[in-house]
Amino acid sequence: MTKRAPHHPQKSARNLAKRKKAERAGRWAELLIGCLYLIRLYRLISWRHKTPYGEIDLIMRRGNHIRFIEVKYRTAAPNADSPVSDKQMIRLRRAALDAYHRLSPDGMAACQFDIVLVTKGGKITRFENHIAL
């Protein structure tokens, strides 16, 4: 018979509260970045776009140019060398290609994938065209 870890309702309630707080912060960061792209005359195509391969935070379009945007919220200064892991990059690339084929069936739209990091203090670091499509 295997031993089960004791159930700690206080710990799970704290973890749930932390996850909810992180979720709100992530949504706030997505909204902020979406507004910044709107100011640059991009049009919002989709927010939290779901594909069989995963979710893309923002899909924006300006003319014949589509931008896929992954927004990461961090409480500390971001690691400038790797904003996302290799595994995340593969998932995001697959999701973006799936969305691209739906948005531009003729394959004529230019596209790129940006990753934007937002820190707790509001500092924004953009990695333009970070994932090759």
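Trainee: Why is Tyr100 called buried?

Mentor: Its relative accessible area is 9%. Buried means under 20%, so Tyr100 qualifies. Bear in mind that this is a predicted model.

Trainee: Where is Tyr100 found?

Mentor: In helix H2.

Trainee: What is Tyr100 in contact with, leaving aside its neighbours within four places in sequence?

Mentor: Ile66, Phe68, Gly107, Met108, Ala109 and Cys111. Contact means heavy atoms within 4.5 Å.

Trainee: Which residues of H2 are buried?

Mentor: Leu92, Ala95, Ala96, Asp98, Ala99 and Tyr100. The cover over them includes strand S1 (43–51), S2, S3, S4 and S5.

Trainee: How do you know that the reach of H2 is close to the expected one?

Mentor: H2 has 18 residues.

Trainee: What makes a set of residues a nonpolar core?

Mentor: Burial, nonpolar residue type and side-chain atoms within 4.5 Å. The largest such core has 16 residues. Ile56, Ile59, Ile66, Phe68, Phe113 and Ile115 have the most contacts inside it.

Trainee: Which elements give two or more residues to this core?

Mentor: Strands S2 (54–62), S3 (65–74), S4 (110–119) and S5 (124–131), together with helix H2 (86–103). H2 gives the most, with five residues.

Trainee: Which other core is there?

Mentor: A second, separate one of 10 residues. Tyr42, Leu58, Met60 and Ile69 are among them.

Trainee: What is Ile115 in contact with, beyond neighbours within four places in sequence?

Mentor: Glu70, Pro83, Val84, Thr125, Arg126, Phe127, His130 and Ile131.

Trainee: How do the lining residues of the largest pocket divide?

Mentor: Three are nonpolar, one is polar and eight are charged. Gly counts as polar, and Gly26 is in the lining. The charged types are Asp, Glu, Lys and Arg; the lining includes Asp57, Glu70, Lys72 and Arg74.

Trainee: Which elements each supply at least two residues of that lining?

Mentor: Helix H1 (9–39) and S3. The volume of the largest pocket is about 220 Å³.

Key
Residues are numbered from 1 along each chain as its sequence is written. This is a predicted model: local features need pLDDT of at least 70, side-chain atom pairs count only at pLDDT 80 or more; totals for chains, interfaces and linings use all residues. Side-chain values use heavy atoms; hydrogens and water are left out. Buried means under 20% relative accessible area, exposed over 50%, partly exposed in between (1.4 Å probe, protein chains only). Helices (H or I, at least four residues) and strands (E, at least two) are DSSP runs, numbered from the N terminus. On a 1 Å grid over the protein atoms alone, a cavity is a set of points where a 1.4 Å probe fits but cannot get out, and a pocket is an open set with protein on both sides within 12 Å along at least five of seven lines; lining residues have an atom within 4 Å of a point. Grid points are joined across faces, edges and corners, and a volume is the space filled by probe spheres set on the points. The expected span of a helix is 1.5 Å times one less than its number of residues.
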